[in-house]
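I opened my notebook to write down what I looked up, step by step.

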Amino acid sequence: MKDIIQQLIQQAIEGLISNKTLPPVTLPSIKVERTRDPSHGDLACNIALALAKSSGLAPRELATLICENLPANQLILSTEIAGPGFINFFLAKTAKTDVVLQILEQAACFGHNQQGHDEAGKPRNAQVEFVSANPTGPLHVGHGRGAAVGDSICRLLSASGWNVTREFYYNDAGQQINNLATSVQLRCQGVGPDDSQWPEDGYRGEYIVELAADYMAGKPINGALALAEANNSAAIRDYAVAYLRNEQDIDLKAFRVGFDVYSLESALYSEGKVDSTVAALIANGFTYEADGALWLKTTDFGDDKDRVMRKSDGSYTYFVPDVAYHLGKWQRGFKTVINEQGADHHSTITRVRAGLQALNVGIPKGWPDYVLHQMVTVMRDGVEVKISKRAGSYVTLSDLIEQVGCDATRYFLVARRADSQLTFDIDLALQKSNDNPVFYIQYAHARVCSVMRQAVEKWKPFDLTIGKEHLNLLTSDAELALLKTLAAYPDCVASSARDFAPHNVASYLRDLAANLHAWYASGSQQKEWQLLVADDTLRNARLTLAEASRQVIENGLELLGVSAPEKM
RNA sequence: GCGCUUGUAGCUCAGCUGGAUAGAGUACCUGGCUACGAACUAGGGGGUCGCAGGUUCGACUCCUGCCAAGCGCGCCA
């Protein structure tokens, strides 16, 4: 409908230009917006304000001219000029109820779009890397935020016509893994954090004890043998990594997050990708030797100082394999790559992009895209929770899922903008009331399902055909508000996908649920507004609207990875 | 000191690529069920959008400076 009005306005303005009423101005993009206030009509356009200056006319005068020259259209009841020069459009009934037919026809696909398609109409490839936790311990809340945000971005992109690859990158080759292996080995030998041999940067969590015990007990895990040899550091290292990767997989599965590709840092070394990347950087002249180390001139690409690539001990710094890894992504053909990670790693962005530019293989400057999430703090009983028993120094994702469930955890972690800090209130997530948006939204869904069950028991089965034919009977303020919100869903999906901003879906669903509850409650105030009225046509029209609303809630929750229960 | 991010109601946060009177929830006050699930809802009070300039017909939104908080500033990852 917005498109139609856009075109009509464009035709009107072009007409005014061709008959010389207006000078030949260049048209900005014509924005038609849904109004917030019903008294402003259904849709509004600010084009007269935008064009006032270049056309040399007063905004209201210009708006009048545009309205007078607007081609007639059955879907538009009337227009008015308001405020400084807005053109408000009042739509015909069918223009408002058509969305219900679209929803029922498209069902689970309603709201999807083709942003991700190329000129030929085929899905383009996008790759999203997220979580990418080091296999050195259980996933913590921050990883959970990354998982929830990253996975929802993937769902949004899929719904927007992209062919999405979800990828997890393991840093399984660096110093942190050495620390892990040492910690496990010491535990195997009966040494703990209280002993003098325990290293400063050893891992102290209880899970290291469990891991060491399983290794010594000879329990193989994911193909890694548990040799039970306390002095075999290579075997311990392999076992520890396999053990913790397996544990992370279990947590992610419980969180409804899956990946298509797992990439290992160690593979980049063993396949020679790191060496070849370094060789290319040297050959391109962006490196130099100093203080016994090899440096990359990242300052040539906007960094505030150059960075060491190869340490004086001969090993590489972490960002070198990162560059090799991202070169690989590019070579695999991904023009669109999004990395979702914690903001505490934001300094890597400049380095990785600098390294990619220095490779000079045609990678665009701002590639890849990054979505950074800020820190999460967990509150319970009004106090910050900082530790879990197993991990020792942080709250684990599995703790949260266990305490408040997957649905609430996912919703809360994705409901805020990624770049603002998040306080996860466990008490709130556990509440089953209006305070808790997850339950509020799920309750709206369950409520519609309940009404449908009641309809069958008290009257006749819901007849969609009758309902669709009598949507014009939907006339109350609550019904009109609901229709308007439903019509906004596709835009919500499109803009959320474009901005990699799943939190918009979360707040949309809250609004939609509120509209639904308000409509339902209007029937408690006045019986004639109930959904289940005696009149067959009216009842079925309302149930059709209810079913469409239910469908959109289900679709939206799906984008967040949250379930849509029929009973609660 | 430098960089990134944030600063909106007492609290937790939205605010759609600048648009009409800045919105929700919570908390506080006042109403609504012999129930289509009240796990809900109607209404009220509550704001110098961190501060100060600038751009614009119009700024919470864009630019500059300052203030405050978080994160980063390793030959750790």
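How far apart do the C-alpha centres of domain 1 and domain 3 lie? I found 32 Å. This is a predicted model, where local features need pLDDT of at least 70, side-chain atom pairs count only at pLDDT 80 or more, and totals for chains, interfaces and linings use all residues. Residues are numbered from 1 along each chain as its sequence is written, chains are lettered from A, and side-chain values use heavy atoms, without hydrogens and water.

Next I noted the bounds in chain A: domain 1 is 2-91, domain 2 is 175-254 and domain 3 is 437-560. Such bounds come from an automatic or database domain assignment.

I then looked up the interface of domain 1 and domain 3. About 350 Å² is buried between them, with 37% from carbon and sulfur atoms. Buried area is the accessible area (1.4 Å probe) that two parts lose on being put together, summed over both. On the side of domain 1, Lys2, Arg34 and Thr35 lose the most area to domain 3, together 84% of what that side buries.

I counted two salt bridges between domain 1 and domain 3. A salt bridge is a side-chain nitrogen of Lys or Arg within 4 Å of a carboxyl oxygen of Asp or Glu. Arg34 forms a salt bridge with Asp491, and their closest N and O atoms are 2.4 Å apart.
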